[in-house]
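My notes follow the order in which I looked things up.

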Amino acid sequence: MLETQVQPATIYLKDYKQPDFSIHSIDLVVELGEEVTTVSSSMTIKRMNHQASTLSLNGENLELISIRRNGLVLNDTSYECTDEYLHIPIPKSEEEFTLAIVTRIKPQENTALEGLYKSSGNFCTQCEAEGFRKITYFLDRPDVMSVFSTTIIGDADLYPVMLSNGNKVEEKQLDDGRSYVKWEDPHPKPAYLFALVAGDLACVEDHFTTASGRDVLLQIFVEKGNEDRCNHAMTSLKKSMKWDEEEFGREYDLDVFMIVAVSDFNMGAMENKGLNVFNSKYVLASPQSATDTDYDGIESVIAHEYFHNWTGNRITCRDWFQLTLKEGLTVFRDQQFSADMNSAAVFRIGDVQRLRAAQFPEDAGPLSHPIQPQSYVEINNFYTATVYEKGAEVIRMIHTILGKEKFRNGMDIYFDRHDGQAVTTEEFVKAMEDGSGIDLTQFRRWYVQAGTPVIKVTEGYNPESQQYSLTLEQENPKLAENFLPYHIPVDMSLLDGNGKAIGFTTDTGAKSTGKVLNLTQKKQTFVFNDINSEPTISLFRGFSAPVKLEQNLDNEQLAFLFSRETDLFNRWDAGQRLSSNILLSQVNRHDVGSLQILPQMYLSSIRNILNDRELDPAFAAIALSLPSEQDLAQKMPVVNVDAIHIVRNNALKEIGLKFESDFLQIYKDLRDLKVEGNQPIASNRKFKNTALRFLTATAKEDYFALAAEQYHAAENMTDAMASLFNLGESEGQIRDEIFADFYQKWEADPLVIDKWFTVQAMSSRPTALEDVTNLLSHPAFTMLNPNRVRSLIAAFVSGNPVHFHEKSGKGYQFLFNAIEQLNGTNPQIAARLVTPLGQWRRYDAVRQKLMTDKLEEILDISDLSNDVYEMANKSLH
Ligand code: PHE
Ligand code: ZN
């Protein structure tokens, strides 16, 4: 780190203080221009602290034009302006006053996509977490809630659509060719929920009538030409509105709900009050252009943002340390919604897969933090898998401990008690206690302790006494001696030799076949009576807690569970554990050059799945899929990327060869299936394309030809992408032709071209790193679009372990170059790319050195942003 660089300050939760002033209302007038935009803000401000002598407003990159207090102009000796604040002395006698501030900004030069910026010719805003201070001077903190009105003035031809939060109250044409639109939002809100959009957009409309009879106009604004790709988003929105009424009794509270799709967006979407702004990836879909996975993503993100209206907007966060209050809860709600709309078990498995893939490594590495962090440098770095996904698991555990009904009671109390407030996670947990009568004192540790708990299992069965005992012991490797035992809900059941649940007597004397144990001690034994034969334990059903299970099951036992478990999550998980054991034992033998022989018992458990025609095909597909290279890596003390890759590919090939005729039959049956009736076609497609993957893994030419044939016949993007993915692993003319054809066909469609970049970034071809490096100079590539950066760079560094970790260090250099460039244009995106380097401790000495050298180099980048500094600095130490 250069000595000239000042280390950015750390902000602590323990330093939280209530604001000295509150801003009751703000009237904004935004005059949009092609070079500068002028923002005039008139605020009514109330004193909250009688000792305070200065009002300090946040503001960054603003050109200050004028300030008036109570109508009188302040000259520049009566305030102080720094890079981050505007300090205005306020006489202590002043209880209430007005402040009018005029500033100028340059949205056209804003590449960081925070504050007001331009995307494809349209103006839009992103204010969470601290973007509003890049628009005007304000108390930019979530516990300052104000009533907003927004007037937008802009060129009538360029910006026929001008939107902000709330209801449109005035609209007129000005003499100078500009239009004037005024919006009022009656609900007080923090500045992070402010939004403004202006552009030449098309609008798709629908209506929803709430349970109490309010007619809500639903509008989705998209770039012209995309109107026919909004159906799924609109349907998902209506389903979400209905679901929140039925499940939580929550209705929408304005007459209009608007969604705008933009192509340049740092995240997935944003829940601004009444005016959600979305990454177009989570709005636009047609069967031709979007995969089944994209459809699922849209349904869940639309729901997520809609659900924020109550969990986030009506009740918001006191400060950013409380982020999981709204995010964990809202992710839990969107997961429950998606589970209800689809195959619940398959969706639950998907949620856990994402948690394990992203959150577990985060929590085991240098960036580990509790779901309620205690400090940060840059809040943008805390929109993490821990705050979101682990946060959702914590809410789910409360749901499991309380049961559905008491959970709902708790939610009702939370909404009643805190509507219109900015609160902390403590208020949420308290409402849950009050709604259930259940003490969550110990449970609160989940909010403040980092690390993934490990649960060790010991069992004992006594045939004489007919007693079965289960001993569970908790550990937390991250905190070692410093952790206090968690309150962990263990959803369990005892299975007999056929996989059927055995009845047992619970503490209350009632007969039961399954129950939730409350594990609260470091080591705790549970005894079950009247068990007349040795049972198989089924633990953490549905993944009832975000823990790692250490249970010494041998492969035979896992194979039994893989075919007989009645809990589908556990059934799938047993299969994954079995595969991992077998593949890792091959990796450890270091003898990875040749095709290994997979054990017979393993092959027969695969046959069981193939033969089980009762199974949901989507489940069969994920049950047959091998753990990813990243999953396997997590289970090795020192990751051997190359051996993992070879062993896994050999296994795919061997399974492909062993069951070649089965896979071919499945493939053909599902391909030729008539689409009529109520067939769940997405799950069939998934199974079919899994079969195709095993077939091409045999490396037989015929199957690449089959993939090519599928590509040409494809009527939907799911099938086209599956073909492309398979061909992406091959070499030769067919591959090259199809990649060229795909590009040509979809050139004008950025979301589809993203996929084209991603397949190449994730390919294991020997030239992959060279390919991605060349793609940086492709005319369609730009560092200024976050989706494009994710599609190529993030896809490569997190989805292509073998080539990213090339021993030459070239993969790390590739990443460094991208971070260096993005640090200047979009620090948020740059910072996120640092994460893979933070895993350096997991690799061999040579790679460790290469990776830490890159982190050092990152810290030496000139004009290093706080975002990147925090990530690199924490990753290194
Ligand atoms: N609050 C958004 C969500 O989770 C995420 C987001 C954060 C978007 C910060 C933009 C900026 O729905
Ligand atoms: Zn959210």
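**Helix α16.** I started with helix α16, residues 681-697. I counted 17 residues in α16, reaching 24 Å from the first C-alpha to the last. That is close to the 24 Å expected at 1.5 Å a residue. Next I asked how many residues of α16 are buried. The count is 14 of the 17, so α16 is largely enclosed by the rest of the structure.

I stepped on to A699, which follows α16 and has a positive phi, near 70 degrees. A699 is not a glycine. I noted the background: most residues other than glycine have a negative phi, and most peptide bonds are trans. A699 sits in the loop between α16 and α17 (701-713). Is A699 buried or partly exposed? I found 14 other C-beta atoms within 10 Å, so A699 is partly exposed; the cut-off for buried is 20 or more.

**Confidence.** I am reading a predicted model. The protein averages a pLDDT of 96, and 98% of the residues score at least 70. I also wrote down ipTM 0.99 and pTM 0.98.

**The whole protein.** I then zoomed out. The protein has 27 helices and 33 strands. Along its principal axes, the C-alpha trace spans about 85 × 70 × 60 Å. What radius of gyration would a compact globule of 877 residues have? The value would be near 29 Å; the protein has 28 Å, which agrees. Of the 877 residues, 47% count as buried.

I checked the record. An unreviewed UniProt entry places "domain: Peptidase M1 membrane alanine aminopeptidase" at residues 233-446. I found that span to be 56% helix and 9% strand. Its end C-alpha atoms lie 35 Å apart. For residues 451-551, UniProt lists "domain: Peptidase M1 alanyl aminopeptidase Ig-like fold", again from an unreviewed entry. Here I read 0% helix and 48% strand. The end C-alpha atoms of residues 451-551 lie 19 Å apart.

**Around ligand 1.** Which residues are around ligand 1? I listed Q126, E128, A129, N266, M267, A269, M270, E271, H304, E305, E327 and Y383. The elements giving two or more residues to this shell are β20 (269-270) and α2 (292-307). I sorted the shell by type and got 5 nonpolar, 3 polar and 4 charged residues.

**A cis bond.** Two names from the shell, E128 and A129, came up again. A cis peptide bond joins E128 and A129, with omega about -5 degrees. I placed A129 in the loop between β11 (122-126) and β12 (146-155).

**D863.** I looked for another positive phi and found D863, near 55 degrees; D863 is not a glycine either. D863 lies in the loop between α26 (845-859) and α27 (866-876). Its count is 8 other C-beta atoms within 10 Å, so D863 is exposed.

**D228.** My last stop was D228, in the loop between β18 (215-223) and α1 (231-248). Is D228 buried or exposed? D228 has 10 C-beta neighbours inside 10 Å and therefore counts as exposed. I also checked D228 against S164, 64 residues apart along the chain. Their C-alpha atoms are separated by 24 Å.

Technical notes. Residues are numbered from 1 along each chain as its sequence is written. Chains are lettered from A and ligands numbered from 1 in the order in which they are written. This is a predicted model: local features need pLDDT of at least 70, side-chain atom pairs count only at pLDDT 80 or more; totals for chains, interfaces and linings use all residues. Helices (H or I, at least four residues) and strands (E, at least two) are DSSP runs, numbered from the N terminus. The expected span of a helix is 1.5 Å times one less than its number of residues. A residue is buried if 20 or more other C-beta atoms lie within 10 Å of its own, exposed if 12 or fewer, and partly exposed in between; C-beta atoms are placed from the backbone. pLDDT is the predictor's confidence in each residue, from 0 to 100. A residue is near a molecule or strand if its C-beta atom, placed from the backbone, lies within 6 Å of it. Ala, Val, Leu, Ile, Met, Phe, Trp, Tyr, Cys and Pro count as nonpolar, Asp, Glu, Lys and Arg as charged, and the others, Gly among them, as polar. UniProt positions are given in the numbering used here, feature names are shortened, and annotations may be inferred rather than shown by experiment. The radius of gyration is taken over C-alpha atoms; the globule rule is 2.2 Å times the number of residues to the power 0.38.
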